[in-house]
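Let's go through this one together, feature by feature. Ask whatever you like as we go.

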Amino acid sequence: MSREPHFREAPLTASAGVDAGRNWEPRRKSRSAGDAARTSYYDQPVIHKPHWGWLIITYFFLGGLSGGSYVIASIAELVGSPGGGRITRVGRFLSLAALLPCPILLILDLGRPERFLMMLRVVKLRSPMSLGTWGLTMFGGCCTLSALSEAAGAGLIGDSNGLRRLLRPVPTRVLGAVGMLPAFFITGYTGVLLAATAVPLWTRSYLLLGPLFLTSSLSSAAAAIALILACMRGTSRKTLASLERLGALTHVAEIGLLLAARANAGDRLARPLESGRLGQLHRLGVLGVGLLAPLALESRALRPGAAPSRAETIAASICALIGGYLLRYVTVMAGRASADDPYSTFAIAGVGAGGPGLSGDPVR
Amino acid sequence: MSIQQAMGFLTDTTLCIGCKACEVACKQWNQLPMDNLGMTGFSYDNTGDLSATTWRHVAFVERIADAEGRRPTRLQPFQSNWLMLSDVCKHCEHAACLEACPTGAIVRTEFGTVIIQQDICNGCGYCLPACPFGVPQLSDIDHRAHKCTLCYDRLVDGLEPACAKSCPTDSIQFGPLDELRARAKVRVDELQERGVETAQIYGDEHLGGTGGIGGLNAFFILTAPPEVYNLPSHPELPQRKVLPGFLSTAGMALALGVAAAFALRGRP
């Protein structure tokens with residue numbers, strides 16, 4: 001545990017003599033993973049960390065919220081949930097509202113924003129960012145069309161204008177069902193995008209990050225829709241209860257995924273998640289405020305015979321939304337910190353590192 | 001454009017004397033500005049790292065004593081008790097930066113090398129964390145990603161790269177890849193014969209070019225574990241995680257979609 005002396009203190013890892021080039025044992029003979037973790041080049045980072053900051057973190061959150069809202073709206077429409085019309089309507093509008101800032105955030109983050117169209121030169125199936133560009137474009141179309149036809153259905157678009165006539169033949173239910181595919185993609189691809197890098201903490205949990213972001217997107221969306229509906233007149237308790245059920249479900253799944261990712265990372269890689277300000281945010285913000293608090297409120301509301309009060313729904317929703325943002329923040333920032341740690345890099349790509357996989361023996 | 005032979009670098013660390021002529025020649029030819037006049041505080045390495053404006057970086061590892069504090073009594077047969085390595089972009093056979101690039105700015109040239117087309121790059125920065133060796137870096141000056149081009153502009157005119165040209169000991173050797181690989185094997189055998197048992201090639205499928213990378217066009221002869229020079233032993237092509245990652249995400253989408261349908265349908 002944490003016994004990686006600096007190179008200055010122990011320049012040689014093996015006890016062999018210095019002369020005759022035998023300072024280090026040959027690679028396959030006796031060097032263990034532990035030895036690799038104790039050797040580095042003056043503690044310098046091996047890889048370059050991404051520059052991503054609040055712009056990208058906010059995009060991760062809003063993109064997830066948008067995709068999640070679309071999915072919930074579509075499912076509510078398809079299964080005909082109690083008050084489903086309201087959930088669908090709020091979900092469609094929320095989806096568009098959350099999506100609108102996304103391209104702006106992404107373009108602002110580019111080193112050369114004026115060149116953002118270069119993203120549309122190529123389609124690369126092995127580049128999650130290229131796929132994401134196209135996924136976002138497709139989802140933008142579905143999301144806008146669905147929101148417009150929802151607005152037409154709500155009578156927000158005048159009866160006799162051209163837009164209304166254009167929207168009339170749009171098969172809303174079919175569009176909603178088909179649009180779920182890019183919507184789900186938008187919620188989860190960001191996790192795969194992080195995983196397909198050399199950043200130790202992200203790539204280590206490559207099977208978990210996509211599902212984690214997808215689940216968190218649905219929970220943020222359920223919370224946001226519940227929050228809006230709870231503030232609107234005439235929302236039935238049953239409607240709120242169905243969203244709280246969904247919220248509780250996603251929160252349980254998220255806790256499971258987070259615990260799995262923590263166990264999978266091992267102590268060295270998980271260090272940024274456990275120490276300092278980031279560790280506190282992870283424990284108190286993501287787990288406490290973002291998951292356990294809303295889960296407690298929801299399970300209270302979902303007891304047989306009990307109905308969720310509006311105040312409880314609002315409180316749980318706000319907590320879940322804060323947690324959803326913090327999850328992205330902590331994941332991105334902890335990944336950046338792990339990229340700066342050569343011992344973490346060597347733990348996944350060093351002497352003792354196995355091939356890819358969740359079961360490889362990391363340096364702990 | 002005619003298809004040429006795959007070209008590359010063999011950097012033989014046992015010949016490096018740490019003069020940094022490669023760093024200077026690279027900066028001069030490629031007109032790269034200086035980026036650090038300070039001291040790092042460790043060894044003679046004041047460059048620190050490969051960056052947008054430093055495409056060769058000489059690492060210095062001083063070996064004063066072993067873990068038990070014993071001082072050396074004899075010199076290595078090839079150099080003093082310094083390890084020096086001129087680090088550079090590896091021009092991987094399967095390059096993570098190239099696969100990650102969403103604009104297609106990063107391409108493979110007719111020499112089998114990897115370059116960033118500066119008129120395409122939009123500075124998204126995804127190649128930075130993708131590279132398992134930490135090579136590309138965003139520039140503060142023009143906000144695009146930069147790295148070694150293996151002097152593409154010199155190669156097309158039949159010249160060798162500036163760093164190899166300037167290296168006074170031929171620690172940096174440039175040539176056709178198969179020729180360099182054969183030469184490296186001979187050199188490693190020779191070193192081992194002379195008693196350097198730890199001499200090994202970094203950049204083949206066993207070490208350095210692992211995990212789907214398939215080998216490095218710029219490879220090295222090392223006499224210590226790669227970690228000592230800040231190189232990962234078993235780097236992996238990150239894009240191998242894309243398909244499994246999307247499959248697990250799709251599985252979760254299916255499961256959550258069904259669960260959400262039940263949750264939203266209301267109690268029967």
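Q: How far apart do the C-alpha centres of domain 1 and domain 2 of chain B lie?
A: Domain bounds come from an automatic or database domain assignment. Here the two C-alpha centres are 46 Å apart. Domain 1 of chain B takes in 7-89 + 149-236, and domain 2 covers 238-268. The C-alpha trace of chain B spans about 85 × 50 × 40 Å along its principal axes.

Q: What should I know about the model and its numbering before going on?
A: It's a predicted model, where local features need pLDDT of at least 70 and side-chain atom pairs count only at pLDDT 80 or more, while totals for chains, interfaces and linings use all residues. Residues are numbered from 1 along each chain as its sequence is written, and chains are lettered from A and ligands numbered from 1 in the order in which they are written.

Q: How many helices and strands are there in chain B?
A: Helices (H or I, at least four residues) and strands (E, at least two) are DSSP runs, numbered from the N terminus. Chain B has 7 helices and 10 strands. Chain A, on the other hand, comes to 14 helices and 0 strands.

Q: How many residues of chain B are in contact with chain A?
A: Two residues are in contact if their C-beta atoms, placed from the backbone, lie within 7 Å. By that test, 79 residues of chain B are in contact with 81 residues of chain A. On the chain B side, H7(B) gives the largest share, 16 residues. To sort residues by class, count Ala, Val, Leu, Ile, Met, Phe, Trp, Tyr, Cys and Pro as nonpolar, Asp, Glu, Lys and Arg as charged, and the others, Gly among them, as polar. The side of chain B that touches chain A then divides into 41 nonpolar, 24 polar and 14 charged residues.

Q: Which residues is B:Glu99 in contact with, leaving aside neighbours within four places in sequence?
A: They are A:Arg126, A:Ser127 and B:Gln239. B:Glu99 sits in helix H2 of chain B, and it counts as buried because it has 23 C-beta neighbours inside 10 Å.

Q: How do I describe two packed helices, such as a pair in chain A?
A: Two packed helices are described by the angle between their axes and the distance between the axes. Axes are lines fitted to C-alpha atoms, for helices over the stretch in contact, and angles run from 0 to 180 degrees between N-to-C directions. H7(A) and H9(A) pack at about 145°, with their axes 7 Å apart. Their contact has 10 nonpolar, 6 polar and no charged residues.

Q: What is the reach of helix H9 of chain A from its first C-alpha to its last?
A: The expected span of a helix is 1.5 Å times one less than its number of residues. H9 of chain A (residues 209-231) has 23 residues and reaches 33 Å, close to the 33 Å expected. Of those 23 residues, 21 are buried, so H9(A) is largely enclosed by the rest of the structure.

Q: Where is A:Tyr189, and what does it touch?
A: A:Tyr189 is in helix H7 (residues 172-195) of chain A. Not counting residues up to four places away in sequence, A:Tyr189 touches A:Pro128, A:Leu131, A:Gly132 and A:Gly135. A:Tyr189 is buried, with 26 other C-beta atoms within 10 Å.

Q: Is A:Asp43 buried or partly exposed?
A: A:Asp43 is partly exposed, with 15 other C-beta atoms within 10 Å. A:Asp43 has a positive phi of about 60° although it is not a glycine, and it is found in the loop between helix H1 (33-38) and helix H2 (54-79) of chain A.

Q: What about B:His91: buried or exposed?
A: B:His91 is buried, with 29 other C-beta atoms within 10 Å. Its phi is near 45°, a positive value in a residue other than glycine. B:His91 lies in the loop between strand S3 (82-88) and helix H2 (96-100) of chain B.

Key. A residue is buried if 20 or more other C-beta atoms lie within 10 Å of its own, exposed if 12 or fewer, and partly exposed in between; C-beta atoms are placed from the backbone.
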